Each structure stands twice: as C-alpha cells, then as structure tokens.
Amino acid sequence: MSSLEKNDPAPAEADPRREILVLEDLSFRDLTRQSVTLRDANLKIFENDLVTLTLPPSMESRAFTSMLLGLRMPQQGRVLFDGNEWTGEDYALHDRMRSQIGRVFDGKAWVENMNIYENVVLPHQHHNHRTVKELDREIQYWSRRFEIESMKDQRPAFVGKTFLRICEWIRALIGSPRLLLLEHPMRSVPRARFPALLQAVVSATEAGAAALWIAPSSDLQRDKFPTSARHYQIHDFHLTPVG
C-alpha cells in the first residue's frame, strides 16, 4: 500500500435510504418574479427525511417549487424525483411522478368556480384516477384530525384564509404522497395549529415520505422540528446547511 493510500480519509458512507428528491449542480432563476435564485445547488432528500429551507424575506418560492415538479426547467443541472428526471417527452411517466407529490402552494391555488371539496379531489382524480369514495375517507380523516368543518359546498372566495389553508394541507396529504412540497405552509394559519400540522408531516415521513418545508425565517420555527430534521438556507444565491 502506498503512503498516499494510507493517508487517504475513509470515504463517507452513502446514506442507505432511497433518494426521493435530488438537486444536482442546479442553477435556477425566474426572470419574472422575486423568485428563489440558486447557483450550483446540490441536495438529496431521502425517504423518512424532513428538510427545511429558509428563504430571504423578499424571495418567493412558487416558480422554484414548480421547477421541482418539472413545470419549469432550470438554467443548469437537473432535478430527479425517485430516480427519474423531468426532461424528455414521456408525459405519462411525468404524470405518474406528479401523482406522488403533494403540494401546499405559496399563493392562490384554487379554481374559483368549483367548491373546495371539488378542488381537493380534482388533482387526485386526474393523476391517480381514484374514486371520490376512496378520497372522501381520507378527507374526512384529515378534517377530523385538523378539527375543521366540512368543506363541501363551500366556495374558495367565501371562507376564511385559515380554513382554506388547512384544506390545502389536506389536498397535499391525501393519497399517501412520496414527497411533500410545503411552501410557506403556515401562512394565514394560527401558531396554535402548528403542532398538529407538523405532526402530520412527521407521520408522513415516518411512513416513508420525504418532505421539503420552504418558508421565511419569520415563519419557520426550527427549534420545534424533530432533531432528525435537516435545515438549509439560501445565502448569496447558494444553498447552505444551517446548524
């Protein structure tokens, strides 16, 4: 054995968990908004993994998160979900991939001429072809768990912001998603509801999902998260770990 081989540090052991979301040498910017802008970012989020991303106050996450779903393309690098890229024209594959991702949006995400219940079941019927009966069981379960009234026959424009936000959480959680993308998920939600919502994410990750929680520092209580959670921030357009 050479002296060089003797002094080489042992290679870091690879995480044995399944990679759910991978950013590889990624650079992204959206010219039309105050969007998340990243340069040469690398990140792996695994099954059973909860990761937070703290945003500068002026940055919006919507375009960035849409890029993670293959709805926008990065300027450089690639995004993989469960080992598959969003590039190419295999739209059936992309549709199946999106069917396994739940999202709480940064901003408005409701079809105004449909009631909230119809809005909640719509993506699951479109992507997963699930029956209303199947979906209804899960909607009822989460409605009880989050202690909200029925969302049936209520229009998005005629309910409070907190109720609408909780319904958005339910839309993201039903269907046992493999990945949760949570953009500013506590916006318009009283702090008293934080434990129940965080516990829902913990339950999902314990069941095998991965979660990315994106929010400004004013709305991200890192000390309340499980010790296993990993925390990142954007500093000078680069993704850096926190703590």
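These are my notebook entries on a predicted model of one protein chain.

**Ground rules.** I number residues from 1 along each chain as its sequence is written, and I keep to heavy atoms for side-chain values, with hydrogens and water left out. Since the model is predicted, local features need pLDDT of at least 70 and side-chain atom pairs count only at pLDDT 80 or more, whereas totals for chains, interfaces and linings use all residues.

**Whole chain.** The C-alpha trace spans about 75 × 40 × 40 Å along its principal axes. Buried residues make up 49% of the 243, where buried means under 20% relative accessible area, exposed over 50% and partly exposed in between (1.4 Å probe, protein chains only). Of the contacts (heavy atoms within 4.5 Å) with a separation of 6 or more, 72% come from residues 24 or more positions apart.

**The sheet.** I traced an open sheet of 6 strands with mixed pairing, in the order β6-β7-β8-β3-β9-β10; two strands pair if DSSP finds at least two bridges between them. At the edges stand β6 (101-104) and β10 (238-241), each with a single partner strand, so one side of each is left without a neighbour in the sheet. Neighbouring strands are turned by 20 degrees against each other on average, direction ignored. Helix α6 (residues 161-173) packs on this sheet and touches β6, β7 (179-183) and β8 (210-216), its direction making about 170 degrees with that of β6; axes are lines fitted to C-alpha atoms, for helices over the stretch in contact, and angles run from 0 to 180 degrees between N-to-C directions.

**Strand β8.** I then asked how β8 sits: 7 of its 7 residues are buried, so the strand is largely enclosed by the rest of the structure. A210, L212, I214 and P216 point one way, while A211, W213 and A215 point the other way. Strand β8 runs parallel to β3, joined by 6 bridges, with L55 opposite P216, and it also runs parallel to β7, joined by 5 bridges, with L180 opposite A211.

**β3, β9 and R222.** Strands β3 (residues 50-55) and β9 (residues 230-235) run parallel with 4 bridges, and T54 has Q233 as its bridge partner in β9. R222 is partly exposed at 32% relative accessible area, and, residues up to four places away in sequence not counted, it touches T52, T54, H231 and V242.

**α5 against α7.** The axes of α5 (residues 132-146) and α7 (residues 194-206) come within 10 Å and cross at roughly 140 degrees. The two helices are therefore oblique to each other, given that under 35 degrees counts as roughly parallel, over 145 as roughly antiparallel, 65 to 115 as roughly perpendicular and the rest as oblique. I noted W142, R145 and F146 in α5 meeting A196, L197, Q199, A200 and S203 in α7.
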